[in-house]
Amino acid sequence: MKENSNKNKLKDFLSANPQKWYSGNDLAQALAISRTAIWKLIKQLSQEGLEIQSRHHLGYRLLLSDHLNKTWIAKKIKKDLPPSRLFIFPTIDSTNIFAKREISEHNDRIVIVIADRQTEGHGRFQRKFYSPAKSGLYLSIAIPLKGDQTVSAGLLTTATAVAVGRSIKEVFGVQLDYKWVNDLYLSERKVGGILTEAITDFESNSISSLVVGIGLNLSLDQNELPIDLRDKIAGIAENGQEKRNQIAAAVINNFFKLFKNYQDGRFLDEYRKNSFLIGRKIQAHSGQRTVAGTAIAIDDQGSLIILEENKKIKIQSGEVTKVDF
Ligand code: BTN
């Protein structure tokens, strides 16, 4: 039992400053145990899959690699974020399902959940979202709303896309394209998507909380993809999975920065500038309706404007099914 708690203490200690070298002596002092005990714990943690490097004159360090590191992410999340609870799972059905369940039970604090792998990852219209282990980021944020808060679905999804785009730019230096309304593209391939859901309170018939799910393919081996997904989806960077912790923290920070005032739509110029659709011939479905024409604008509510036979048509919700057809 004691050994187990020392093991967790050591894991937290190393996780707080990954990449930093600590001598056996530093660690022994920090945990108030012997150097031999430290050595044994390091061996156990390594056997459990934690990537700890050891060097003769330097000591030990935890590599900030493809393991989701809760301590590190929690430390990087800006202190001025609203109160939240952070969960990290090796495998989960879907981070959106978990977040919805959790916020329905405890509606007092934000829930942030990240998983290494999802067995039931899904996108809009219940489509499967391919979520293999160690190659993507699967993250959901559930936000309780106060009674009088209104929600604009179009603005929330587009703001989230911009938050993810900013994060990818910060960490990988590349700019994503936004395919209205919730898809994220790079070099004409889908690299991620956003699923925004609302939980309604039956009694007041108002929205009691929001769940925003973000799925990113950070690195994908094209040869391992299911056949129907080849040529459609791609990863963002080679070895992109090694930056999952940085991406997770950046997405959370950028999301909350934008969420504060997303309803003013000030971020929309950034969305428009990197639109995957504007100027292209597209086909879109909204309810029973199909519209085909040129995508010409995103309006101030995040709706898509299509020019169909000289008539401007506004699509508030729906999806684009064909591009350059
Ligand atoms: C789409 O492509 O339509 C949106 C995909 C959203 C996937 C993310 S992954 C994290 C969260 N959990 C889910 O089951 N879905 C979202």
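1. Basis. The model is predicted, so local features need pLDDT of at least 70 and side-chain atom pairs count only at pLDDT 80 or more, while totals for chains, interfaces and linings use all residues. Residues are numbered from 1 along each chain as its sequence is written, and side-chain values use heavy atoms, with hydrogens and water left out.

2. Ligand shell. The ligand is surrounded by 21 residues, where a residue is near a molecule if one of its heavy atoms lies within 4 Å of it. The closest are Ser 94, Gln 118, His 122, Arg 124 and Lys 190. By class, 12 residues of the shell are polar, 6 are nonpolar and 3 are charged. In this scheme Ala, Val, Leu, Ile, Met, Phe, Trp, Tyr, Cys and Pro count as nonpolar, Asp, Glu, Lys and Arg as charged, and the others, Gly among them, as polar.

3. Polar contacts and cover. A polar contact is a pair of N or O atoms within 3.5 Å; within protein, one must be able to donate a hydrogen and the other to accept it, and residues adjacent in sequence count only if both atoms are side-chain atoms. The side chain of Ser 94 places an N or O atom 2.8 Å from an oxygen atom of the ligand. A nitrogen atom of the ligand lies 3.1 Å from a polar side-chain atom of Thr 95, and a polar backbone atom of His 122 is 2.7 Å from a nitrogen atom of the ligand. On its own the ligand has 410 Å² of accessible area, of which the protein covers 96% (Shrake-Rupley method, 1.4 Å probe).

4. Elements around the ligand. Helices (H or I, at least four residues) and strands (E, at least two) are DSSP runs, numbered from the N terminus. At least two shell residues come from each of α5 (95–105), β5 (136–144), β8 (189–201) and β9 (206–217). The most are given by β8, with 4 residues.

5. Two strands pair if DSSP finds at least two bridges between them. Strand β7 (residues 183–186) pairs with β8 in the antiparallel sense over 4 bridges, and Leu 186 stands opposite Arg 189 in β8. This hairpin has 2 residues between the strands, and Ser 187 takes a positive phi near 45° there. The pairing of β8 with β9 is antiparallel over 10 bridges, with Asp 201 opposite Ser 206 in β9. Here 4 residues lie between the strands, and Asn 205 has a positive phi near 55°.

6. Hairpins that include β11. Strand β10 (residues 281–286) and strand β11 (residues 289–298) are antiparallel partners over 6 bridges, and Lys 281 has Thr 294 in β11 as its bridge partner. With 2 residues between these strands, the hairpin has Gly 287 at a positive phi near 60°. In turn, β11 pairs with strand β12 (residues 304–308) in the antiparallel sense over 4 bridges; the bridge partner of Ala 295 in β12 is Ile 306. That hairpin has 5 residues between the strands, and Gly 302 takes a positive phi near 85°.

7. Backbone details to inspect. The peptide bond from Trp 180 to Val 181 is cis, with omega near 0°. Val 181 is in the loop between β6 (177–179) and β7. Ala 32, although not a glycine, has a positive phi of about 55°; Ala 32 is placed in the loop between α2 (24–31) and α3 (35–47).
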